[in-house]
Amino acid sequence: MSEHRRKPPQPQGGGRAAARQAAQQPPSGRRGATGRDVPAGSPSGSYEPERPYGGRAEARRAAQRSTGGRRRAPEGGGGHGGHGGGGRRGGGGQESGHGRGNPRPKKRFIDYPRSDKYGWGRWVPSWRLVGGTCLGFFALLMAGTGIALAMVGKPDPQKAAQAQNNVFYWDDDTQMAATGGDQNRQIVPIHKIPQTMQDAVIAAENASFETDKGVDPMGIGRAVFNMAMGGSTQGGSTITQQYVKNTYLEQDQTMKRKITELFISIKLGATEEKDVILAGYLNTAYYGRDAYGIQAAAQAYFKTDSEDLNPSQSAFLAALLKGPNLYNPDGGIGPGATAEENTKRAKLRWAWVLDREVEVGRMDRAERAKHTVFPKLVDSAQARSLAGQTGYLVETAKKYVMNKTGKTPEELDRGGYRIYTTFNQKRVNALSASVEKTRKEFLDEKKRPDKDKHVQFGAASVDPETGKIVALYGGKGWDQNHFTNNADTSGVPVGSTWKPYVLAAAMEYGTPNSGGDGLSPDSKYNGNDLAVITRNGQPLMNNKGQPFRQKNESPTPYGYVTLTEAMEKSINTPFAQLGMDVGLDKVRSVAKATGIREESMDPNDNASFSLGTSTPSAIRMADSYATFANSGTHYEPYSVTKVVKDGKELDGFKAPEEESAMDNTVADNITKVLENVVQNGTGKKAKELGRPAAGKTGTTDKNKSAWFVGYTPQLSTAVTLFRTDPEDKKLLSMNGTGGVPSIHGGDIPAEVWTNYMKEALKGQPVKDFPEAEDIGSKADADGAPTPTPTPSGTPSEEPDDKPSESVPPPSPSNSPGPTESCGPFDWDCEETGGTDAGTTTGTDAGTTTGTTGGASPSPSTPTGGNGNGNGGNGNGNSSTGGFFGGPGG
């Protein structure tokens, strides 16, 4: 019977049983699958060798699987070796059984996968393994924590007080300014910090400070989660953690830094007295105005020592700890950080701190009732140290560095940075001198206080071949309490200086009448006052359901004029119609390609858009016109060439690469048209420069702003003039300012431009612009007669700037009757709209969306001003971003 029983696979080299089995094999062959001896040379013996097993346990399991487990074999069949009764060579014999003669396999130290389980059960860890692993992990964690706590040191406020200042350099590497410094980093002991200040800070920042262990697990968890998700990390929420953060010199937001700060905070909370921690925090915190520490802050804001601070002043300084860039009433850097917005936030936070002290039991209600008036602040000493244009230059460079590095104002103001700028000292001084000369000649605030006060100048100058901002004029100076940077102010409509973008779009894309070709500037459009504006052949309708009529500066019946002549005389109606013909989306595209921020463009798609209701900054306008000067090649404007920290140059400050904004033929033809404006048109004053120049004038509704933007092959400069209400910052009319009925871009701004450019280009070779090739097809507007009559008429100083003060000629037959048409002084008239500033109100489809009086209610600065390196001083207006990348500008 045993000859016909299948013998189970035998272990090969797997222990004593395997050795005995091997000894019993006949030398002439090996046992086949049926238990018979098969000769080595027999074809039936050509089976694959049996799989060797790795040990006795595995051999046992294999045998059990093939025989059905620990089943006793029939007598004579070769039962289990461990039970006797069967031959060792029986068909189902198992030498490695569990008989008394064979001990159990020796167990491993870590039995995983588990040897006593089969299938998926082998991979399920035992509770002993799980418990042992957890115990070992926590043991290692505790040991590692102990080692880490032993290795980290405690914060040293003296080192924080020795932090370096920031140094700014001119383009020739000579020093321009230094901010910060040791004089504003002072350490005082806890007894020099009044209890009112201690109470205010604890109430506002960490009410459980005196009882907590120095760390906030929830705050740490948020920071770790945000970092893991790729978001910004959050600062430590306890005073202890903030103190550690203030003194930790490496400011990179990394996990390594967070873990290090955590261990330092734990050690500090366990080993240091609370008074020492609180004093350390108040002595290393940043309060704005370049003031580090409570003593410096008390001097910077109240001109007093820290020990003399009263509860109201203490509450204000505690409010600043929320973030001086947004709570310093001087203003800060970035959107929403204007002086007005910061002051509002500071007052709310100040009142909240006082109320919070009452809530947590650190001030009684009777004491709180004594403090209802916001404390009076002294003028900023930092502003006085950055006099003239220096404050605006520092602010502009800081914004650029922040944009490129992602650092906050507070982080940047920790100091130690060497910032090399593009500003040229000679040209900055020349621009400032030109403005001040014109101001003295033009304005007399004592003689005309109601007209000559609050007049603002702003200007910027850019190198067309690189994009470098070589000069700017931001205002009278921080030392004169003017903190808004007028060179980077958004909110002042640019008027007719926008018209070149409309013409450039027509040259590039053409109109329906040009058959797909670009439009020649010799094409003719209707220049008459009150001309009906059409879109796709249909009249635009005003809010009264009547055809919209565009108003010119002058009632002169120009008839159909070439676009070159329309630009020369700055006639509104041809460009209002041209914008509709070419498409306002294409005009936007061209302006954007030259560097105008989309956020500064008027969002309305009406006729006024083509006449300058958008509000770019002087920096952006100078940079945009530089694209025309450079034959269509554009460079983003920039103000910093390199930044050095701890002897190492930071990445990210490579000069911007060139971009092709438009075909050179288009750009050169725009230059040719704008040269004619200087030679024969509204920009004649710029002829006094005595070298080839091109430019465009612009004035807006009620003379609320006036511009001149012009360039030579080497330099592009924009100058703006406007007037603002000191209370609500809205634009005011300049009619009567300077003793003249109205202000035009071809007057004061052009004079500033010319005087500056003479000095800025002194010693530079005279260069001609590239010769413009013929461009596009001559395609007159609909209704143009053949031949077109050319009425006589000389350009006014700025005919496009405002509605005429004379009575307009009789309206065409399809115009409203005399009782329905708008009079020349009816500024709010919704019938005719009017000036290049955008009093146009009618749009197609019967929608009224036009703007009046300049596209925005008030000028705004991307920085809100800045009077302190911290995010600064400022009497700025609403913020919409900077020239370097944010909105506005």
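A charge sits over a ring if NZ of Lys or CZ of Arg is within 6 Å of the ring centre and within 35 degrees of the ring normal. This is a predicted model, in which local features need pLDDT of at least 70 and side-chain atom pairs count only at pLDDT 80 or more, while totals for chains, interfaces and linings use all residues. Residues are numbered from 1 along each chain as its sequence is written, and side-chain values use heavy atoms, with hydrogens and water left out.

The charged end of Lys642 sits over the ring of Tyr420, 4.6 Å from the ring centre. Lys274 is placed over the face of Phe209, 4.7 Å from the centre of that ring.

Tyr420 also takes part in ring pairing. Rings of Phe, Tyr and Trp (its six-membered ring) pair if their centres lie within 6.5 Å; planes under 30 degrees apart count as stacked, over 60 as edge-to-face and the rest as tilted. The whole structure holds 17 aromatic pairs. The ring centres of Tyr169 and Tyr420 are 4.4 Å apart and the planes are at 10°, so this pair is stacked. It links distant parts of the chain, with Tyr169 in strand E3 (residues 166-169) and Tyr420 in strand E5 (residues 417-421), 251 residues apart; strands are DSSP runs of at least two residues and helices (H or I) of at least four, numbered from the N terminus. Both Tyr169 and Tyr420 are buried, that is, under 20% relative accessible area with a 1.4 Å probe and protein chains only.

Elsewhere, Trp498, Tyr501, Phe609, Tyr625, Phe628, Tyr711 and Phe769 form one aromatic cluster.

Thr338 is in the loop between helix H12 (324-327) and helix H13 (339-359). Thr338 is buried, with a relative accessible area of 1%.

Conventions. Buried means under 20% relative accessible area, exposed over 50%, partly exposed in between (1.4 Å probe, protein chains only).
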